[in-house]
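Visitor: I am new to this structure. Please show it to me, and let me ask some questions.

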Amino acid sequence: MAGILDGKRILVAGVTMDSSIGFATAKFAQEQGATVLISNFGRALGITRRIAKRLPSEPPVLELDVTDPEHLEGLEAQVREHVDGLDGVVHSIAFGNPETLLGGKFLTGPWDDVAQAVQVSAFSLKSLAMATKPLLGAGSSIVGLTFDASVAWPAYDWMGVAKAGLESTSRYLARDLGADGIRVNLVSAGPLKTLAAKAIPGFEDLEELWTTRAPLGWDNKDHEPTAKAVCALLSDLFPATSGEIVHVDGGFHAMGA
Ligand code: NAP
């Protein structure tokens with residue numbers, strides 16, 4: 001059977017463990033026929049290289065710190081060592097210092113740490129889009145991951161503000177890249193057990209809310225629904241959708257209580 005990503009070349013940025021949403025996305029993308037490249041940065045790169053072997057087909061692992069101008073400048077050449085262009089880019093990246101910014105630290109979070117969170121988690125969508133733009137043709141798709149930033153959550157604190165920035169960044173990118181035929185969308189996932197989630201003090205209280213309120217129910221260990229939505233947005237199945245946020249949260253966002 002033909003896959004929805006047959007023949008597509010996809011970069012998934014932000015894969016550390018096999019618990020990463022990026023890993024589930026890379027896996028489903030490969031199962032749907034894509035040629036996948038993955039990236040990560042710094043000390044975890046060695047882990048990513050080992051984890052890459054667990055994918056159906058071992059992808060090239062690129063080094064990309066989204067805050068490093070040299071990495072961003074060199075990304076096109078790194079990608080071209082493996083493929084001659086890209087049809088899709090996944091931004092699965094976020095960071096906020098859990099000790100100073102999250103878990104009830106909203107009123108005391110220092111600016112330097114907030115600036116870092118916003119740069120890594122929001123501004124970097126623009127950085128990644130511009131770094132890969134020379135590789136992207138008409139019909140290509142950029143997809144990022146958010147945690148619904150239209151409301152305030154317990155524990156999420158400055159990461160919520162960074163996600164609001166990401167959501168807005170995605171709309172402005174949709175505006176400015178539309179003329180090149182590049183779509184930009186986000187998937188708003190419910191809480192999933194990943195390294196990033198475990199680092200947030202009190203995140204389990206949020207997870208608890210999902211067990212009672214999501215009308216479809218919610219399995220925080222099942223990353224596949226989120227990965228499938230990302231891949232659907234990468235595919236040709238959403239040719240006229242840009243600046244959108246697709247919720248993959250068991251329907252939680254639509255409930256008042
Ligand atoms: P994850 O496995 O920890 O993935 C986050 C990735 O961001 C890691 O690979 C991390 O690398 C990378 N990263 C951090 N700083 C970076 C930098 N400067 N340059 C490049 N990469 C950097 O956690 P995840 O939950 O899958 O997160 C993926 C995305 O989904 C994030 O945007 C997250 O906010 C979003 N999301 C998660 C949930 C959830 O409940 N888990 C819900 C909704 C949305 P290191 O591991 O090396 O630091």
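Visitor: Is tryptophan 210 buried or exposed?
Guide: This is a predicted model, where local features need pLDDT of at least 70, side-chain atom pairs count only at pLDDT 80 or more, and totals for chains, interfaces and linings use all residues. Residues are numbered from 1 along each chain as its sequence is written, and side-chain values use heavy atoms, with hydrogens and water left out. Buried means under 20% relative accessible area, exposed over 50%, and partly exposed in between, with a 1.4 Å probe and protein chains only. Tryptophan 210 has 3% relative accessibility, so the residue counts as buried.

Visitor: How many aromatic pairs does a search of the whole structure find?
Guide: Rings of Phe, Tyr and Trp (its six-membered ring) pair if their centres lie within 6.5 Å; planes under 30 degrees apart count as stacked, over 60 as edge-to-face and the rest as tilted. Searching the whole structure gives this number of aromatic pairs: 9.

Visitor: What is the angle between the planes of phenylalanine 147 and phenylalanine 203?
Guide: These two form a tilted aromatic pair. Their centres are 5.8 Å apart, and the angle between the planes is 55 degrees.

Visitor: How many residues apart are phenylalanine 147 and phenylalanine 203?
Guide: Helices (H or I, at least four residues) and strands (E, at least two) are DSSP runs, numbered from the N terminus. Phenylalanine 147 sits in the loop between β5 (136-146) and α5 (157-177). Phenylalanine 203 belongs to helix α7 (residues 203-213). The pair links distant parts of the chain, and the separation is 56 residues.

Visitor: Why does phenylalanine 147 count as buried?
Guide: The cut-off for buried is under 20%. Phenylalanine 147 counts as buried because its relative accessibility is 6%.

Visitor: Which parts does the pair of phenylalanine 147 and tryptophan 210 tie together?
Guide: This aromatic pair is tilted, at 5.8 Å centre to centre and 35 degrees between the planes. The two residues are 63 apart in sequence, so their pair ties together the loop between β5 and α5 and helix α7.

Visitor: Which residues do ring pairs link into a cluster?
Guide: Phenylalanine 147 and tryptophan 210 both belong to this cluster.

Visitor: What does serine 20 touch?
Guide: Serine 20 is in the loop between β1 (9-13) and α1. At 13% relative accessibility, this serine counts as buried. Contact means heavy atoms within 4.5 Å. Not counting residues up to four places away in sequence, serine 20 touches Gly14, Val15 and His223.

Visitor: What does glutamine 32 touch?
Guide: Glutamine 32 lies in the loop between α1 and β2 (35-40). Its relative accessibility is 17%, so glutamine 32 counts as buried. Leaving out residues up to four places away in sequence, glutamine 32 touches Gly3, Ile4, Leu5 and Asp6.

Visitor: What is the radius of gyration of the chain?
Guide: The radius of gyration is taken over C-alpha atoms; the globule rule is 2.2 Å times the number of residues to the power 0.38. For 257 residues, a compact globule would come near 18 Å, which agrees with the value for the chain, 17 Å.
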